[in-house]
Amino acid sequence: MIHISMKKQYFNRYSIGTLTLVVLMMSCVSDLDVKPIDPFVKSADKVYTTKDLYKEGLAKLYATFGLTGQRGPAGNQDVGGVDEGFSSFVRSLWYMQELTTDEAVWTYGNDANGTIFNLHFNTWLPSDGIPEALYARIANVAALSNEFIRVTAGKTDDPDFKNFQAEARFLRALAYFYGMDLYGRLPFLTEKDLPGSFFPPMIQRAALFDYIEKELKAIKPDMGAPRFEYGRADKAACAMLLAKLYLNAEVYIAQPKYTEALTELNEVIAAGYVLSPRYANLFRADNDKNNSEIIFAQAFDGARSQAYSMTQVMINGNAGNGGWAGLRTTSAFVGKFPVLTEARAIFATESKGQSLEIDAVNVSTQGYGVFKFRNITAAGVDAPNNSTGFPDTDYPMFRLADAYLMYAEAVLRGGAGGTRANALSYINAIRSRSADVIAGNAPGVITDSQMTLDFILDERARELYWEGHRRMDLIRFGKFTGGSYLWPWKGGIKNGTAIDDKYKIFPIPSSDLGTNPNLKQSDGY
């Protein structure tokens, strides 16, 4: 039997085929299409004959964020027209949120057809493959979710089915959230839009914000109780996504919603999640076990759910570790740490052959490597499936420390429903994890006078780096575009240069723009 929580993401081939077929039927006639995996695709009434098979269908929806097709790690992909290796949802998302900032640099053999350096240099184009791939993955998640929601529509009197459907709606909202954040506007379909040959309409950012907000508020009562099953989204994950929506509302809809963010964050904090005593254990191969800080993660198993995922790239492609090398960080980010001996400063430095400064982006020994994600256990031994070349390490998307930092920021920005005293205590709890205190490398507490918005931005970098948050944070703090904050190679210049405000969002991919007359390119592209 398939259990999402066990990282064993085998899926019934007929149920997947039925789900993926719908994407082909509703596609924007793009050259990025989803294909059925089986020539003998069966209808939903033949696929979903038991509750367990519905759960397998739900497992497929979760897998669309981490895996890329029906046979890991590659060879039978969901989305055609893109490289299956670099195009998984989370990996493409990571590229766009991290490689565009001060936190990550990657020298890669073929440069993903020229698009990695475009991300580094903040010079991306509508034809670039990585943003194009994520755009297609978002459509994939939406289409598969829509079909699952349709086939469970008449069964929600059963509490399990009500829960399944709420999770499917959450995953669709999560995909649309990232689409809204990155592209501003998207082609938009829900379960009410039956599969067929038509061009999906475009939804604008404000309308998409409103839709996501209403969806999450509607489904939260039907989500599972906090921590009911690892790997599945629960009420706390739903509240966390709402909090992220509200924290960034001034960016998305030009309206402050910090009070609303605090309402949701109070719910997350009260949900029973607890900080990991040791920071490094959050990013180890057994981070799914005995770890109550991770609220929502993408689960991987080196033997059973293989993918060319972002965790694999961060572990094996990291400069200074003897692997593929190439992936590293900038001196601007390293400079956020007052000392490099604290528990969170997990770098490969000069002792590993790396220099601090990057004089040439294509030289992989320039720039410190980052050893934050490892395919070893908390005990320091190799993961059980290490010999496969694929990690057991899960990728955290939401965790409690992030909620604590969001709480502090919302309080400092004037939101009601939180206190400055609580904000300070949450920050100091993050900086004083018990095992790190014992080891003597905890960063230590701060005073109230040190707790400023500038501190919060830097602390988010120190705590959450390489977890896919940086671009969003820099935009919210007004530091991403313009010239108020420069980092090495911003704008393609060694010492950094100002970039245009249009780069706060990515363009609509040329492949979709040319095939769907309902789409309109973003300003400046």
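User: In this predicted model, is the crossing of helix 4 and helix 6 left-handed or right-handed?
Analyst: Good place to start! Helix 4 covers residues 89–99 and helix 6 covers residues 129–151, and their axes come within 9 Å. Their crossing is left-handed.

User: Are helix 4 and helix 6 parallel or oblique to each other?
Analyst: Two packed helices are described by the angle between their axes and the distance between the axes. Here the axes of helix 4 and helix 6 cross at roughly 135°. Angles over 145 degrees would count as roughly antiparallel, and 65 to 115 as roughly perpendicular. The two helices are therefore oblique.

User: How many residues of the contact of helix 4 with helix 6 are nonpolar?
Analyst: On the helix 4 side, the contact includes Phe89, Leu93 and Met96, while helix 6 brings residues including Ile130, Leu134 and Val141. One residue of this contact is polar and one is charged. The number that are nonpolar is ten.

User: Is Gly418 buried or partly exposed?
Analyst: Let's find it: Gly418 is in the loop between helix 14 and helix 15. Its contacts beyond four places in sequence are Leu262, Tyr407 and Val411. Buried means under 20% relative accessible area. Because Gly418 has 22% relative accessibility, it counts as partly exposed.

User: Which element of the protein has the lowest mean pLDDT?
Analyst: The mean pLDDT of the protein is 89, and helix 14 has the highest mean among the elements, at 99. Over residues 1–42, however, pLDDT stays under 50. Where pLDDT is low, the predicted coordinates should not be read in detail. The element with the lowest mean, 33, is helix 1.

Technical notes:
Residues numbered from 1 in each chain as written. Predicted model: local features only at pLDDT ≥ 70, side-chain atom pairs only at ≥ 80, totals over all residues. Heavy atoms only, no water. Axes fitted to C-alpha atoms, helices over the stretch in contact; angles between N-to-C directions. Helix = DSSP H or I, 4+ residues; strand = E, 2+ residues; numbered from the N terminus. Parallel < 35°, antiparallel > 145°, perpendicular 65-115°, else oblique. Left-handed = near helix turned anticlockwise from the far one by under 90°. Contact = heavy atoms within 4.5 Å. Nonpolar A, V, L, I, M, F, W, Y, C, P; charged D, E, K, R; others polar. pLDDT = per-residue confidence, 0-100. Buried < 20%, exposed > 50% of the residue type's maximum accessible area, 1.4 Å probe, protein only.
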